[in-house]
Amino acid sequence: MNAAGGRRRPPTIHDVAREAGVSRGTVSRVLNGGHYVSPAAQEAVNAAIRKTGYVVNRHARSLITGRSDSIGFLLTEPQERFFEDPNFNVLLRGCTQALAAHDIPLLLMLAGTEDERRRITRYITAGHVDGVLLVSSHSGDPVAEQLREAGVPLVACGKPIGLASKVSYVAADDRDGARDMVRHLLSLGRRRVGTVTGPLDTPGGVERLAGYKEVLAEAGLEFDERLVVSGDYSRASGEAGAEHLLARAPDVDAVFVASDLMAQGVLTALHRAGRRVPEDVAVGGFDDSPAAVAAGPELTTIRQPWDRISSEMVRVLLALIGGEDPAAVILPTELVKREST
């Protein structure tokens, strides 16, 4: 409280300038990127900001810079998928933390229907965010292309089908991870290895199936379409997929499942059918999400480096916003052996 008993006035840019011993213009340049400011002056201003407790007025700065000082996290999936699939929450948390280091808030946007995608695209292209982290883009989904054509800085999680040469992206090496898993299953002596794929209009679904096929070929095993069923990364689709596999190929002795959440459903179906895991059927997942250790038995899986994926997505997007060229980053995966194989 001040001497008159009123509420204490919040510190202003003038207070920071006075404390740092520099001009108001120098403080403003530091707040807007530090261009044409000496290292000594920048350190003095930053120290003054910490001492005074000054907080940037984002609205006022956005009027000057033309930027919103916020980033959109756009998930083009139904809302229930966001709450069911733990991968989305892990990625959201990582991106939020990476942006917090730059004092930039992240806005969660869910667009699972055509109307939602149309509304959110209008909102984004109107300038309400400075860039977009796009998650779970399907081929034929117009959002990525519309944002790119509108000049919105954009980074996709996963290699966007049909736009890989035009849109920045950060991806785990899906194909190589699938190869590692199928080689592991074959090394156990399994020869009737089935797979429950992800959606085949997504990069992960396509690349993981391709890795599965490549390892069967290198092992001299004939590709059998009866051993392949498609899923949508949900637990229910994994359960249904396993039921189809058992009906079409009852001699299946291993299953590579394109996500841990689907693998939980596979385990449920195998247990109901009286198949022991791993004695009768070995099961391998993909992601190393919380679903992998919540399963019974715990899943052998492919670890995606979620912390690095989220931090790289943020790094690439901020570089795009700063005027750098588009970039593609592919990160290695890791086989994690547990009880299901």
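**Aromatic rings and their surroundings**

Reply: Phe82 counts as buried because its relative accessibility is 6%; buried means under 20% relative accessible area, exposed over 50%, and partly exposed in between, with a 1.4 Å probe and protein chains only. The model is predicted, so local features need pLDDT of at least 70 and side-chain atom pairs count only at pLDDT 80 or more, whereas totals for chains, interfaces and linings use all residues. Residues are numbered from 1 along each chain as its sequence is written, and side-chain values use heavy atoms, leaving out hydrogens and water.

The whole structure contains 2 aromatic pairs. Phe82 and Phe83 make up an edge-to-face pair, 5.2 Å centre to centre with 80° between the planes. Phe83 counts as exposed, at 61% relative accessibility.

The pair of Phe256 and Phe286 is tilted, with 6.4 Å between centres and 55° between planes. This pair links distant parts of the chain, 30 residues apart: Phe256 belongs to strand E8 (residues 254–257), and Phe286 to the loop between strand E9 (282–284) and helix H13 (290–294). Helices (H or I, at least four residues) and strands (E, at least two) are DSSP runs numbered from the N terminus. Phe256 is buried at 1% relative accessibility, and Phe286 is buried at 0%.

Helix packing comes next. Helix H7 has 15 residues and spans 20 Å from its first C-alpha to its last, close to the 21 Å expected at 1.5 Å a residue; the expected span is 1.5 Å times one less than the number of residues. Its buried residues are Glu116, Ile120, Thr121 and Ile124. These cover an arc of only 130° around the axis and therefore lie on the same side of H7, the arc being that of the directions from the helix axis to the C-beta atoms. An α-helix has 3.6 residues a turn, so residues three or four places apart point the same way. The exposed residues Glu114, Arg122 and Ala126 are on the face of H7 turned away from its buried side.

The buried residues of H7 pack against several elements, among them strand E1 (71–75), helix H5 (79–84) and helix H8 (143–149). Thr121 of H7 (residues 114–128) is buried at 10% relative accessibility. Beyond neighbours within four places in sequence, Thr121 contacts Val143, Gln146 and Leu147, where contact means heavy atoms within 4.5 Å.

The cysteines remain. The count of disulfides is 0, a disulfide being a pair of cysteine sulfur atoms within 2.5 Å. The sulfur of Cys95 has its closest cysteine sulfur in Cys157, 7.7 Å away, which is too far for a bond. Cys95 is itself buried, with a relative accessible area of 0%.

Conventions:
Rings of Phe, Tyr and Trp (its six-membered ring) pair if their centres lie within 6.5 Å; planes under 30 degrees apart count as stacked, over 60 as edge-to-face and the rest as tilted.
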